[in-house]
Structures are given as structure tokens and as C-alpha cells.
Amino acid sequence: MMTKRRSSWSAFTAELKFAGHLLTQNKLVLAGTIMAVAVLLLAMLGPIIVSPSAATNIDTSQRLIPPSFQHWFGTDDYGRDLFKVIILSIRLDVSAMLEIVLAGLFIGSLLGAFSGFIGGKLDEGLMRITDIFFSIPSMILALAVAAALGTGINNLILAIVVVQWPGYTRILRGQVLAEKERLYVDALRALKIRRFRIIIWHIIPNTIYPVLVQATLDFGQVILTFAGLSFLGFGVSALVPELGRLITAGELYIFQAPWLIAFPGLTILGISLAFNLMGDGIRDILDPRLRR
Amino acid sequence: MTFITFVLSQVLLDPVSLYMTERTREADIPLLIAHYHLNDPWPIRYVVYLRSLLTGDWGYSRSLSQPVLGALMGRFPATVELAIAAGLWIVALGIPLGIISAVRNNRLPDHVSRLIALIGVSTPVFWLGLLLQLVFFYFFQQWGLPYLPSGGRYDVTLMLQHPVTNITGLLVFDSLVTGNFIMAQDALAHLILPSFALGFVDLGVIMRIMRSSMLEVLRQDYVTLARSKGLPERVVILRHALKNAMIPTVTVGGIAVATLLAGAPLTETVFAWPGMGRLAVAAIGTNDAPLIMGFTLITSLMLVLVNLTVDILYAFLDPRIKY
């Protein structure tokens with residue numbers, strides 16, 4: 001028992017070393033991971049670093065001041081300090097991004113696992129439904145769903161979740177189809193363990209990795225969709241700090257005060273880039289083809 | 001896909017509003033309900049819905065005071081023109097850059113192409129559009145350089161002086177065919193920025209796929225044979241390797257068209273481009289559900305058509321594939 005544990009421990013450290021090796025080998029991936037961690041920290045600590053009142057402090061005497069030492073990113077048409085507003089915005093955008101991907105992951109993988117394991121009519125029906133979802137570009141479908149649900153941040157999040165789940169369902173279903181033929185599943189069945197338990201406690205933990213990789217790759221895209229639809233006027237009201245909304249507001253002053261669109265856009269680009277780089281790195285780490 | 005728009009419009013929303021016009025009297029509403037079977041169970045309503053779609057009755061847009069299908073068809077050529085132009089950017093830049101980065105593998109051009117690809121997929125398309133306007137319209141104008149128009153599809157006063165006869169609805173094509181070179185130039189100038197913004201997202205994707213499939217092909221025996229025959233490198237790459245390397249690129253290109261269509265609402269809004277996407281976005285503001293559903297439907301129909309075209313292209317590129 002002792003030796004076995006030690007060997008699995010050493011296998012684990014070897015694994016960590018290999019992951020670390022791949023991470024540090026590619027400077028871009030490393031940079032992306034650091035950036036992504038920084039973004040998450042900013043999202044969590046934003047209202048502590050910057051007083052939340054910065055987003056609601058309207059001071060018309062301070063309107064549209066260009067970037068300076070006092071206002072790093074300048075001020076907007078309400079006289080708010082843009083740097084502070086952006087820091088506060090990150091929280092909403094990043095939490096929406098996480099909520100969308102996690103909710104899509106949860107719904108998608110449950111449906112995928114049951115679909116693949118049970119098979120039959122359920123599987124057939126569910127796969128045709130995912131086919132329908134794949135025949136419409138996700139941004140357009142999200143737009144249509146959001147339009148049907150009405151504006152508001154929760155409806156916007158829900159609309160993107162609706163287009164997000166079928167991808168995970170497809171991937172996990174494929175994994176489960178292979179996994180359910182393995183011997184240990186027969187053993188569990190012979191032990192009269194309920195199907196529900198087998199799927200939740202045995203099948204999903206063994207097949208979830210490719211779906212997780214896909215989810216990390218999706219972060220960057222989801223935040224773009226979210227900010228894009230918010231830019232079009234779904235989602236939050238004017239004074240709530242949100243990056244897409246900031247660009248909508250800045251569009252009116254595009255030539256007069258270009259910093260109003262430049263900085264929020266750069267922030268979205270930075271967040272998306274960070275998660276895309278990190279996703280690439282995680283895919284490389286978990287990709288068995290890269291191992292000898 | 002008709003199923004989704006059916007659920008969205010007929011189940012989530014008040015279905016009667018789909019068919020009401022501003023001239024509908026209160027007393028006529030029961031008639032509408034009877035005509036479109038709105039009180040029937042949903043499988044029947046779905047069949048009725050499909051029938052009305054097929055007969056061209058896509059509902060009535062209250063914000064535009066006209067039938068949805070007609071409104072969308074009027075804007076259709078503008079969107080197609082934009083998408084074609086964006087596609088040309090992708091093909092003209094993405095494929096050559098992909099080849100260069102495969103041939104110069106792991107050297108500077110390769111790294112640059114990787115960076116462009118990464119930034120491309122991470123850039124908010126609406127923001128890129130605004131930046132392009134800022135630089136190529138406003139700053140160029142300030143610096144006294146020749147500048148590009150910031151939005152719209154053509155110059156209105158110029159259009160009045162040199163009207164374009166409508167043949168296909170594609171403005172650049174129509175004006176070229178009719179010999180109206182002033183308008184062709186103007187339309188082209190209006191097209192450059194929006195199409196670049198729209199195409200930029202996919203540019204990097206195509207570039208990377210072209211690179212990796214080219215690297216794959218260059219490792220194969222027949223390329224070595226072509227080289228050992230003493231053929232110049234240019235001929236080996238362009239005549240022998242390129243065609244085989246194109247197959248994965250075409251597949252991804254088909255998927256890229258989907259993202260082109262998806263980016264259309266944002267790009268068209270930012271550039272005041274009079275296409276279907278902008279119409280749909282305007283419909284959101286006025287709660288004009290039939291119009292949005294119609295747009296969704298047309299977009300997915302286009303996507304299906306593109307996928308079919310891609311499948312046919314395979315057979316052309318690879319004679320081993322037969323249908």
C-alpha cells in the first residue's frame with residue numbers, strides 16, 4: 001500500500017513537472033496564464049482597489065478630459081475616471097464569462113453523458129437538436145434568443161448559455177460512447193449500481209478532460225460575444241460599468257474623445273487574448289500526442 | 001433551424017403580434033388566430049408555420065411597415081457584398097501568408113503570423129471597426145492624407161449625379177459592368193474598411209490552417225520527388241503542394257463563412273452599412289421579433305448553402321473524393 005501511494009505520488013509530481021515544462025517552454029502561453037490570473041484577481045478585487053462609487057460619480061465639470069497623470073485613461077461624458085470604471089467593469093464581464101461557460105459546461109456535459117450512455121431514441125433526438133444549433137452561427141442565435149427573452153444582464157447570460165451547451169454535449173457524448181464499453185462499467189453494472197450513479201460518479205470523471213479543454217478555449221470567445229451583444233444594447237443600463245456598454249457610450253464621441261473606445265476595447269482584447277493563450281497552453285498539456 | 005425560430009417566435013413571444021400590422025383592427029384578431037391556427041396544438045402550428053415560410057409569408061415587420069421577407073431581400077445584396085469582400089481579404093492575405101509561414105517555418109514570418117492569428121480571434125470586431133474609422137477616416141483627414149469614408153455604402157450626392165442601374169444589387173459589380181467607374185471607385189472605397197474589419201477575425205485562422213496543412217504536405221514523398229527532379233522551389237510549392245494543402249483550408253474556410261455572417265450585425269452597425277445585420281439590430285430596439293427571426297433564418301440558410309458548396313469543392317480539389 002505504502003509503495004503504491006508513493007509511486008502514484010511520484011507520477012503526480014512528474015506530471016506537474018511535465019506541465020510546468022510545457023508552460024515555461026512557451027513564453028506566450030506563460031504570459032497568457034499570468035495575464036489570465038491577473039484578470040481574475042482584478043475581477044475579484046476590483047471594488048476593493050477602486051471605490052465602487054467611481055462608476056456613479058457624475059461630475060459634468062470633468063467631462064471628456066484626455067488621458068493625463070491624474071486620469072490615466074481620461075474621463076468619459078459623465079466625468080467619470082475611465083481607468084477606475086474599466087477596473088470596475090472587469091468584474092461584471094469576467095463573472096458573466098465564467099457563469100456562461102460553467103453553466104454551459106454543466107448542462108452540456110450532463111446531457112452529453114446521459115445521451116451517450118443511454119443511447120437509443122434519447123441519443124438520436126438530442127443529437128438532432130444539437131445539429132440544429134450548429135446550423136446557425138452562435139452569435140446570431142444568441143442575438144435571436146436574447147431578442148426573444150428581452151434585455152437585461154441575466155437574459156443576455158442565459159441567451160449565450162443556450163448557444164454554448166451543444167458543443168460540450170457533442171464532445172462528451174463521443175467520449176462516453178467509447179468509455180461505456182470498458183470492463184469496469186460492466187463490473188459496476190454487475191454490482192447492480194444504478195445507471196444514474198454510474199454516469200455521475202464513474203463515467204463523467206473519466207471522460208470530462210476534453211470538455212474542460214474545450215471550455216478553457218471558449219472563454220476568450222464567450223467574452224467577445226457577451227461584450228458584442230452588450231455593445232448592441234442588450235444587457236446593462238447606462239451607468240452600470242460594463243466594457244461593451246462603455247464602447248457604446250464612447251461611440252458618440254469617437255473623434256472628439258477616442259480614448260473612450262480605445263481603452264475599453266483594449267481591455268476586452270487583453271482579457272480574450274489572455275484566456276485564448278492559456279487555453280492553447282492547457283490543450284497542449286493535456287494533448288496525449290505531445291507525450292512520448 | 002426553422003424549429004428554433006418557431007420556438008423563439010411562437011412559443012416565447014405573443015404569436016398574434018407576429019402577424020399584426022398597424023392597420024389590424026381589434027375585431028380582426030380572432031380572424032388572424034383562425035387563419036394561422038394559433039389556438040391549435042404546437043405540432044400543427046409548426047406545420048402551419050413551415051407552410052407560411054415556404055410560401056414566402058415570413059410575418060410582418062411593424063417597425064418597417066412592410067413584409068419581413070421583402071425587407072430582408074432588399075438588404076440582402078449589401079450583406080453579401082460585404083461578406084464577399086471580407087472573403088477576398090482572407091483569401092488574398094491569409095493563404096499567401098500561410099504559405100510563407102510554412103516555408104519559413106519557425107522563423108520571423110512564422111512568429112508574426114502566429115501573433116496575428118491570436119490577436120485576430122481575440123479582437124472585438126465592433127471595436128476594430130471603430131478604430132479603423134478613427135485612423136483611416138479621422139486621423140488621415142487631419143494629417144491631410146487621402147482618407148477612406150467612415151461609413152455607409154456610397155456617397156449620396158455622388159450617387160445622385162451618377163445613378164447605378166441595379167442588376168445584381170452588388171454595388172461595385174453593377175457599376176463596373178455598366179461602366180460607371182466613378183461610382184465603382186466610391187463603392188469600393190466604402191467597402192474597404194468594413195470588409196477588412198469583418199475579415200480580420202478569420203484571417204489568422206485561415207493563415208494557421210494553411211500553414212499547418214502546407215507543412216504536412218511538404219513532408220510527403222511526392223514533394224521530395226518533385227524537388228529531386230530539380231524543379232524550382234516555387235513550382236514545387238505552388239503547383240504540387242498547394243492543391244493538396246488547400247483541402248483542410250477549404251473546410252475551415254467554410255466554417256469561417258459562418259463567423260463572417262455572425263460578425264455582420266456588429267460590423268454593419270458600426271459602419272452604418274445598410275445590410276440585413278443592421279436591420280436586425282435595429283429591430284431589437286423596436287422589439288420587432290418577426291424581423292429578427294427572419295434574419296436568423298436567412299443566415300442559417302446561407303450557412304447551409306456554403307457548406308454544400310464546400311462539399312462540392314472537395315471533389316474538385318481532390319479527384320479521389322466522389323459523390
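Mentor: A residue is buried if 20 or more other C-beta atoms, placed from the backbone, lie within 10 Å of its own, exposed if 12 or fewer do, and partly exposed in between. Helices (H or I, at least four residues) and strands (E, at least two) are DSSP runs, numbered from the N terminus. The part I take is helix 11 of chain B, residues 221-228, where the count of buried residues among the eight is zero. This helix is hardly covered. Just after helix 11 of chain B comes B:Gly230, with a positive phi of about 90 degrees.

This is a predicted model, in which local features need pLDDT of at least 70 and side-chain atom pairs count only at 80 or more, while totals for chains, interfaces and linings use all residues. Residues are numbered from 1 along each chain as its sequence is written, and chains are lettered from A and ligands numbered from 1 in the order in which they are written.

Now the chain around that helix. Chain B has 14 helices and two strands, and 41% of its 323 residues count as buried. Its mean pLDDT (the predictor's confidence in each residue, from 0 to 100) is 77, with 85% of the residues at 70 or above. Among the elements of chain B, the lowest mean, 59, belongs to helix 2 (residues 15-19), and the highest, 84, to helix 5 (residues 68-103). Two residues are in contact if their C-beta atoms, placed from the backbone, lie within 7 Å. Of the contacts in chain B with a separation of 6 or more, 69% are between residues 24 or more positions apart.

Chain B also meets chain A: 37 residues of chain B are in contact with 33 residues of chain A. On the chain B side, the elements giving two or more residues are helix 1 (2-12), helix 6 (108-122), helix 7 (125-142), helix 12 (233-270), helix 13 (276-285) and helix 14 (289-317). Helix 14 of chain B gives the most, with eight residues. By class, this side has 28 nonpolar residues, nine polar and no charged ones; Ala, Val, Leu, Ile, Met, Phe, Trp, Tyr, Cys and Pro count as nonpolar, Asp, Glu, Lys and Arg as charged, and the others, Gly among them, as polar.

Of its 292 residues, 43% count as buried. The model scores ipTM 0.80 and pTM 0.83.
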